[in-house]
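Please open the structure in your viewer and keep the selection tool at hand.

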Amino acid sequence: MEENSKLSQFQPVKSIFEINREERMAPGHRACAGCGPMIAVRQILQSLDVKPVVISATGCVEVTTSTYPDSAWLVPWAHVAFENSAAVASGVEAAMHALKVRGELKEERPVIALAGDGGTFDIGLQALSGALERGHRMLYVCYDNEAYMNTGIQRSSATPFGAWTTTSPVGKEWPGKAEIKKDIMGIVVAHGTPYAATASISHWKDLMTKVRKAVSQNGPTFLHVYAPCNRGWRFEPKDTVEVAKRAVETRFFPLYEVENGRYRITVPVAKPRPLEDFLSLQGRFSHLLKPENLEVLKELKSIVEERWSKINAAASVQVQT
Amino acid sequence: MAQFEPVQTRKSLLTGDEAVAHAVRQSSVDLVAAYPITPQTIIVERIADFAASGAFTGQFVPVESEHSAMSACIGGALAGARAFTATASQGLALMHEMLYAASGLRLPISMAIANRALNSPLNIHNDHTDVMGSIDSGWIQLFVENAEEAYDRVIQSFRIAEAVNLPVAINLDGFTLTHSTEPVEMLSDEVVRGFVGRPPKRDSLMDEAPKSFGLMSLPDSYQFFKDDQSRATTGSSVTISQVEGEYAKLSGREHGPLKIFRPGSKVMMVMLGSYAGTARTTARRMKNDGEQVGVISLGWLRPFPEKQFLDALEGVETLMIMDRSVSYGAPAGPLASDVMSLLYRYGIKRKVIAVTYGLGGRGFLEEDAMRLFRYAGKSGSSFESFFFYGGE
């Protein structure tokens, strides 16, 4: 694939003055007050100087921004279906290339596929895998709110262990979701993807730097963005960023990047806060703080610890070599 | 591996699949996204060969499924590119969801369907079950009788699709056409390139001013979009005829909305696809014996060539409508149902014999056609429907 010199340079975001001030998400869209994914989208779009093409999967961000005849998108945007944003984006990327070769297109734009956790971890996993393997130059962003929120808080394979959803309810027999969250980063990295990273809306400089870095790569890249949903997680709309922040500070959602196989923790958490600080803000975990569910809480804590040490080990090994 | 150089000789021996691949190679296609499935595979293989040798100048995207094939074509078309794919059977079923997206977004995409039966039971051989499941997905549906017609209609499909903003499918019978070698008189690369030109400018993701595509539509607007789409499909017949007429000037070949053999015959067999040739040969033989039988072979199914079909009914007493797919529990097969609703709409009465035949590759020989023609000539009832078991 041909290098686009303008895109292959990248500058880390060090201050608010270095971001693109132009709004790319018009006001008046229909997302809930305190919507985490919309904060993520705004940060992603304002990381870049050039206007990217965004291909949205069906989901909260899509339906709330594009009710005919209105669109909140101030960048070229398309929605086709739920499970195929990576495949549609593949077609856009290949088409741009073909048109450029024919001299009918001056410059290729960055292509961003944007899907929720359902559209990424579950129904869109095959299309994502195919696009990663084929090596299209695109950034795939998964905004992860840890359940099917658009249809009313049903569990996905991104829903954490122990969380309440409408299809992983809490009862005498069930502790909330009984299965652990799928390791999507591991799956992406296993494709040999040149750049993959996690990010959180609470750490905007880290997130925006990662978007820039991803778009500068000449190949497929992946950004897993933690984007709390106050309706689904049962917290106050004012706490969206605080919840995201505590997810990082408790090591519940580690922020790291994997560049050509090399792991690096971008936001080290030397002294983690107790996991309860994260859980206690959210109704979906309220049952875990009751004495009868102590064992479930312990198990969740060990899952969080194990995940952190796995990533930490992967990052440390490379520092030593 | 064989080397496939662009064929310069005018008359070539090609399978139906190869003819399709050459048409794509010559038609300045920007994007081919496809997934292999029998009996379409040769199309994908040849286009890959052409891409490897530099004869195909677009992008070849070897996707991981047919769903992604159509999705990538949709993405490509949204970016303003000329996109093509090919599939069959299970593959068409898998991309079913995306067929509606392509037509609803009013995107010019071309697709060859190497018609094949659907699982279960598993069967790789020809019938029309696959396309009939998608017949109402908003695509222009063309049917061909031989490899040369497949070649012609694929070239024409790009012009048609881009003029009416609708996707076009070219149906060719699996194995019977896809894998049979026939003489095909190809046009030169230059002539085809000149005929197809480049896609006309349309709203795209590449436009300087950002545009949004694929918005959600609520009950206040949805039906208007569908009304518009329906009118565009019906109205596309004018454009299809124009494009075919223009192509005829270059090639001397015009396949048209339908082919009528022995107009005015008392018995008319109504057919789709390659078996029409067998029926025509049989009808010719029977004429020698003094029997008045004819054949209507439809080249277009969507839009249905209503006027031309009605014109073909002059002097006809019995329509024997041949379906290679089943509409389970319905009054008749899909083609027969189409024809009957057309007859009713115009207050025309004809005897109708709705025949289901040729499923899963079951053959159709001259003796079969003869048996059916003779049966139709004698049948007394106004409507009949049955499964016919012909040659193996």
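Select Cys32(A) to begin: in this predicted model, Cys32(A) is partly exposed, with a relative accessible area of 45%. Over all chains, the structure holds zero disulfides. Cys32(A) accordingly takes part in none, and the nearest cysteine sulfur, 6.3 Å away, belongs to Cys35(A).

Select next Cys229(A), which is buried at a relative accessible area of 12%. The closest cysteine sulfur to that of Cys229(A) is in Cys60(A), and because the two are 6.3 Å apart, they are too far for a bond. The cut-off for a disulfide is a sulfur pair within 2.5 Å.

Turn now to the aromatic residues. A search of the whole structure finds 18 aromatic pairs over all chains. One of them joins Phe82(A) and Tyr148(A) in an edge-to-face arrangement, with 6.3 Å from centre to centre and 85 degrees between the planes. This pair links distant parts of the chain, 66 residues apart: Phe82(A) is in the loop between β2 (77-79) and α4 (85-101) of chain A, and Tyr148(A) is in the loop between β4 (138-144) and α7 (184-190) of chain A. Phe82(A) is partly exposed, at 26% relative accessible area, whereas Tyr148(A), at 19% relative accessibility, counts as buried.

Remaining in chain A, select Tyr226(A), Trp233(A), Phe235(A) and Phe253(A) together; ring pairs link these residues into a cluster.

Finally, move to chain B. Select Arg159(B) and Phe195(B): the charged end of the arginine sits over the ring of Phe195(B), 4.7 Å from its centre. Then select Arg324(B), whose charged end sits over the ring of Tyr275(B), 4.0 Å from the ring centre.

Note on methods:
Residues numbered from 1 in each chain as written. Chains lettered and ligands numbered in written order. Predicted model: local features only at pLDDT ≥ 70, side-chain atom pairs only at ≥ 80, totals over all residues. Heavy atoms only, no water. Phe/Tyr/Trp six-rings, centres within 6.5 Å; stacked < 30°, edge-to-face > 60°. Helix = DSSP H or I, 4+ residues; strand = E, 2+ residues; numbered from the N terminus. Buried < 20%, exposed > 50% of the residue type's maximum accessible area, 1.4 Å probe, protein only. Lys NZ or Arg CZ within 6 Å of the ring centre and 35° of its normal.
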